Amino acid sequence: MSEIKVANEGNYAQITASGAVMVDFYADWCGPCKMLEPVIDEAASVYEGKVTFARLNVDDNQSIAAANKVLGIPTLLFFKDGTVVDRTTGAIDRATLTAKLDALL
């Protein structure tokens, strides 16, 4: 399985600075977040070497969530060279995630 980075205050800027990146804003108590987790895990394997995947716990990193206007979870932010180019809120299906990742490349 591909590596999914753990984003936090110390490394968020570095993770999102360059290339194609998807960050999953989640919380451990969030049911829809848990439903989305295997979809993201599978995508991380498919897009290994093309897209960097990261997860950010909003309970532990509230300032980053606030700075990115994350009001609901799960929220996925899609970055291209440090700029947010797309976002989703709520659980999405595999096809929707694939389409958004393909648009990053």
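1. Let's start with Asp-41: it counts as buried because its relative accessibility is 18% (buried means under 20% relative accessible area, exposed over 50%, partly exposed in between, with a 1.4 Å probe and protein chains only). Asp-41 sits in helix α2, where helices are DSSP runs of H or I with at least four residues, strands are E runs of at least two, and both are numbered from the N terminus. Its side chain makes a polar contact with the side chain of Arg-55 at 2.9 Å (a pair of N or O atoms within 3.5 Å; within protein, one must be able to donate a hydrogen and the other to accept it, and residues adjacent in sequence count only if both atoms are side-chain atoms).

2. A word on the ground rules. This is a predicted model, where local features need pLDDT of at least 70 and side-chain atom pairs count only at pLDDT 80 or more, while totals for chains, interfaces and linings use all residues. Residues are numbered from 1 along each chain as its sequence is written, and side-chain values use heavy atoms, leaving out hydrogens and water.

3. Now β3, where 5 of the 6 residues are buried. Strand β1 (residues 5–7) runs parallel to β3, joined by 3 bridges, and β2 is also parallel to β3, with 6 bridges (strands pair if DSSP finds at least two bridges between them). Leu-56 in β3 is the bridge partner of Ala-7, and Arg-55 is that of Asp-24. From β2 the chain crosses through α2 to β3 in a right-handed β-α-β crossover (clockwise from the first strand over the helix to the second, with the strands pointing away from the viewer).

4. The largest nonpolar core has 18 residues, and Ala-7, Phe-25 and Leu-56 are among those with the most contacts inside it (a core is a set of buried Ala, Val, Leu, Ile, Met, Phe, Trp, Tyr and Cys residues joined through side-chain atoms within 4.5 Å). β2 gives the most to this core, 4 residues. A second, separate core of 17 residues includes Met-22 and Phe-53.

5. Last, α4 (residues 94–104): Leu-97, Lys-100, Leu-101 and Leu-104 are buried. Down the axis of α4, its buried residues fall within an arc of 100°, so they line one face of the helix (the arc is that of the directions from the helix axis to the C-beta atoms). Exposed Ala-95 and Ala-103 are on the face turned away from the buried side.
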